[in-house]
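Reader: I'd like to go through this one label by label. Can you tie each term to its cut-off as we go?

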Amino acid sequence: MAVKDLNLQIKDKEFFVLLGPSGCGKTTTLFAIAGLIKTDAGEIWIGDELVTSAEQGIHKPPQEREISMVFQDYAIYPHMTVFDNIAFPLEIRKTDKNEIHERVTKTAELLGVYQLLQRKPRQLSGGQRQRVALGRAIVRRPKVFLMDEPLANLDAKLRVQTRTELKKLQLELGVTTVYVTHDQVEAMTMADRIMVQRDGITEQIGTPDELYNHPSNLFVAGFIGSPEMNFIDCTLTEETNGLCLDAKEFRISLPAKLSSELKGHIGEEVIMGIRPEDLHESKSAVSDTQENAVRMTIDLIEPVGPYLLLHLRKGRVSLVATIKDTRSRAGQEVLIEMDLSKMHVFDKKTTKALT
Amino acid sequence: MFLLPLWTDITTSFKSIHDIIYTIPVQPPLSPTIEPLITAFNIMERPLLNSLTFTVVATILSCLLGSINGYALTKIKFPGSNMVFLLFSIGIFLPYQAVLVPLVLTMSRLGLYNTLAGLILTHTTYGITITTLLFRNFYGLIPDSLIMAAKTDGAGTWTIYRRIILPLSLLPFVVAAVLQFTSIWNDFLFGVTLARGSEAMPASVALANLKGTTEFNWNVQMAGALWYALPVLIVYLVLGKYLIRGYMAGAVKG
């Protein structure tokens, strides 16, 4: 798996997430930072230190980089006790015995595994093993934490709980963290900044807010957010009172701001994107001539708990909307209002965002 | 039925020549005597000691080298490692007879002909093919992330072997050791070729020499066989339970 033309600067103390579907090159990127694989080209700096340079033939082995890593399968040493596992990185560095004892004890207390110190890994649960792996990573106070899907093997409830704890821990320790995941919720909740990768190519780098509200292309728009953003194939046409998105089944007149942004693309095939929470059921019984509203049929209503998931259809266009509550039933028609200020428009050919 | 040869061996070992003539083999001795055992031991003492020395040393060496090879072949991916492994595998199928002449020539040039060191070198070299295969297969089951974790924890190649790989290798070591011990102990061909009639003569050759006389002192031969079988028997009794666990480990874990 190759990663191409990656240019990335991670700030001090930042929680940086590499996000993407499996096989996108995020783990490769992480391993390159760790020094576990050699790069074919380019440089990697950790702090002021050049650790990798293919051109200058520099490749510092992982043990000489000030990093520590947490693996998806935890990779704790099965023949050692929890104490020895956490102490291992210190022992390798010939740390003083008393200091090892003190630091391991402190780390274990911090992670709530103090009472498990004499146990062997096979006597631990998944969550406890994960903590031990984390303990081993933080005990030597590295410059950078590298985490490769550390929560992927935990069950759903524990994952959410650990997610919060991990984020708190990172803030507390103030160590720069590079975190790999394919779970966009994990990325959104934990990250200061996220890099979305696909097939070895960087799709977008930004804060969770930027990625969510201003996705730079179709892939990021579809990948971030759950339920997924709705996409509708349209043609951009010009009307007397501004620009208009023509989806054949319905037309949306664009407000002045959007119109001026899209002026150069009249007549082009575009994809309109709108998130499920930006669709609302129109309360006022105005006619469907309203410029941002479409009359649609409800196919199915899925109660999720905090909201309802409405599956809507009009001809070949189907949309998903999250709505607080509705009196309508499946099979009925409703008037759906779109929040045009939250709308995205993408070029169909390049998939790049036009707004 | 399976134990009948062993039984016969034991009964005959305790018989005088008179008893051998007047009883059938499976019959217990009429007047048990340990005379044959003592006679056999006196003849076999030195060869047994020889065998024990080179078998133990060659077993340890071939296991250790096999383990290091297995580690290198699975966890340090170097260019051409598959080719190296292929060559090792071919070594397993190399028949002893095919190498006898070059072996004798090499050993005599090295000045190791008729010495224990020569036997140790030969058996170790022959043994590392099969031990390498064995350890390689076992180490294939150790997840790579464990090695990567050790690397990021700061351990170098050798430390990883000593601190992570070796402590996890008890089972393959037992399997390889039993395998090597029995096969080196039982070897006759290398022994008879490299150390016949010398101070370094192995027990297997000495045992064969017991029947070389014109007399038919079967009791002494049987007693010799009993002495000869003893170490292997002990090895199996002591390590047997680990051996079974070792076989199972490969089967279940993968």
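Author: Strands themselves are DSSP runs of E with at least two residues, helices are runs of H or I with at least four, and both are numbered from the N terminus. This is a predicted model, where local features need pLDDT of at least 70, side-chain atom pairs count only at pLDDT 80 or more, and totals for chains, interfaces and linings use all residues. Residues are numbered from 1 along each chain as its sequence is written, while chains are lettered from A and ligands numbered from 1 in the order in which they are written.

Reader: How do you know that β2(A) and β3 of chain A pair?

Author: There are four bridges between β2(A) and β3 (residues 49–53), in the antiparallel sense, and the rule asks for at least two, so they count as paired. Across that pair, A:Trp45 faces A:Leu50 in β3(A).

Reader: What makes β2 and β4 of chain A edge strands?

Author: The open sheet runs β2-β3-β4 in chain A, with antiparallel pairing. Both β2 (43–46) and β4 (58–59) pair on one side only.

Reader: Why is A:Glu149 called buried?

Author: A residue is buried if 20 or more other C-beta atoms, placed from the backbone, lie within 10 Å of its own, exposed if 12 or fewer, and partly exposed in between. A:Glu149 has 20 within 10 Å, so it is buried. Its loop lies between β6 (144–148) and α5 (156–173) of chain A, and its phi is near 45°, a positive value in a residue other than glycine.

Reader: And why does B:Asn114 count as partly exposed?

Author: B:Asn114 has 17 C-beta neighbours inside 10 Å, so it falls in the in-between class. B:Asn114 is in the loop between α5 (96–110) and α6 (116–139) of chain B. Its phi is positive too, about 65°, although it is not a glycine.

Reader: What makes a residue part of the contact between the chains?

Author: Its C-beta atom, placed from the backbone, must lie within 7 Å of one in the partner residue. The contact takes 15 residues from chain B and 18 residues from chain A. On the chain B side, α7 (144–152) and α8 (157–165) each give two or more residues, and α7(B) has the largest share, six residues.

Reader: What makes the peptide bond between A:Ser226 and A:Pro227 cis?

Author: Omega there is about -5°. A:Pro227 is in the loop between α8 (218–223) and β10 (230–239) of chain A.

Methods:
Contact = placed C-beta atoms within 7 Å.
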